[in-house]
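Q: Hey, I've got this protein open on my screen and I'm a bit lost. Can you walk me through it?

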Amino acid sequence: MRINKLLVLILVLPASVFGMQTISINEAQPIRVVVSQNDINLLSIKNDRIESIALPNSVEVEKNNKNGSAFVRFKSNSIVKGFLTTESGSKYQLEFVPSNIGSETIVLVAPTLKSPDEV
């Protein structure tokens with residue numbers, strides 16, 4: 001019985017340390033993301049890189065120029081709105097909802113353009 005409780009504890013603890021969200025995005029709709037208000041969150045875009053991210057001063061942003069991602073940390077628990085521009089020129093509206101959860105890795109997935117041969 002003691003081994004079963006230990007096994008459950010080992011399986012549950014890593015899941016509570018951090019989470020990963022994969023979110024489909026497009027330029028026409030705002031992106032709403034639940035993030036940690038206490039820990040650093042990682043934001044990246046699949047098949048693209050973050051050129052710039054505009055958020056209010058209540059958010060600490062550290063852009064990683066090497067891989068085109070950004071680390072964000074929220075100083076309050078109120079909803080934060082901002083904008084993200086990618087190196088390919090796409091612009092996205094962001095709406096972050098800080099919550100009492102562990103740090104999050106957020107991967108934004110933009111729709112891929114089909115080549116003329118695929119249409």
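Q: What do the side chains of Arg49 and Glu87 do?
A: They meet in a salt bridge, at 3.1 Å from N to O. Keep in mind that this is a predicted model.

Q: Where do Arg49 and Glu87 sit in the chain?
A: Both are in loops: Arg49 is in the loop between S3 and strand S4 (50-54), while Glu87 is in the loop between strand S7 (80-86) and S8. The two are 38 residues apart, so the pair links distant parts of the chain.

Q: Is Arg49 buried, exposed or partly exposed?
A: Arg49 counts as partly exposed, because its relative accessibility is 26%. Glu87 counts as partly exposed too, at 43%.

Q: How many salt bridges does the structure hold?
A: Three. Another one joins the side chains of Glu95 and Arg32, at 2.2 Å from N to O.

Q: Which strands are Glu95 and Arg32 in?
A: Glu95 lies in strand S8 (residues 91-99) and Arg32 in strand S2 (residues 31-36). They are 63 residues apart in sequence, so this pair ties together those parts of the chain.

Q: What about Glu95, buried or exposed?
A: Glu95 is buried, with a relative accessible area of 15%.

Q: Which residues end up linked in a network of salt bridges?
A: Arg32, Lys81 and Glu95.

Q: OK, new topic. How many helices and strands does the protein chain have?
A: One helix and nine strands. Read along the sequence, the pattern is α-β-β-β-β-β-β-β-β-β.

Q: What order do the strands have in the open sheet of four?
A: The order is S2-S8-S7-S4, and the pairing is mixed. S2 and S4 stand at the edges with a single partner strand each, so one side of each has no neighbour in the sheet. On average, neighbouring strands of this sheet are turned by 30° against each other, ignoring direction.

Q: How many bridges join S7 to S8?
A: Six, and these two strands run antiparallel. As an example to look for, Gly82 has Leu94 in S8 as its bridge partner.

Q: Now the inside. Which residues touch the most other members of the largest nonpolar core?
A: Ile31, Leu43, Ile53, Leu84, Phe96 and Leu108, out of 21 residues in that core. At least two residues of this core come from each of S2, S3, S4, strand S6 (69-74), S7, S8 and strand S9 (103-109).

Q: Let's zoom in on Leu84. What does Leu84 touch?
A: Skipping residues up to four places away in sequence, Leu84 touches Leu43, Ile45, Ile50, Ser52, Ile53, Ser90, Lys91, Tyr92 and Leu94.

Q: I also clicked on Ser44. Where is Ser44 found?
A: Ser44 is in strand S3 (residues 41-46). At 18% relative accessibility, Ser44 counts as buried, because the cut-off for that is under 20%. Leaving out neighbours within four places in sequence, Ser44 is in contact with Ile50, Ser69, Ile106, Val107 and Leu108.

Q: And Val34, which strand is that in?
A: Val34 is in strand S2. Val34 is partly exposed, with a relative accessible area of 36%.

Q: What is Val34 in contact with?
A: Gln21, Val97, Ser99, Ile101 and Glu104, again leaving aside neighbours within four places in sequence. If you compare positions, Val34 and Ile79 are 45 residues apart in sequence, and their C-alpha atoms are 9.5 Å apart in space.

Q: Last bit, the whole chain. What share of the residues count as buried?
A: 33% of the 119 residues. The accessible surface comes to about 8000 Å², and 55% of that belongs to carbon and sulfur atoms.

Q: What share of the contacts comes from residues 24 or more positions apart?
A: 65%, taking the contacts in the protein chain with a separation of 6 or more.

How values were computed. Residues numbered from 1 in each chain as written. Predicted model: local features only at pLDDT ≥ 70, side-chain atom pairs only at ≥ 80, totals over all residues. Heavy atoms only, no water. Buried < 20%, exposed > 50% of the residue type's maximum accessible area, 1.4 Å probe, protein only. Contact = heavy atoms within 4.5 Å. Salt bridge = Lys/Arg side-chain N within 4 Å of Asp/Glu carboxyl O. Core = buried A, V, L, I, M, F, W, Y, C linked by side-chain atoms within 4.5 Å. Areas by Shrake-Rupley, 256 points an atom, 1.4 Å probe, with all protein chains shown as cover. Pairing = 2+ DSSP bridges. Axes fitted to C-alpha atoms, helices over the stretch in contact; angles between N-to-C directions.
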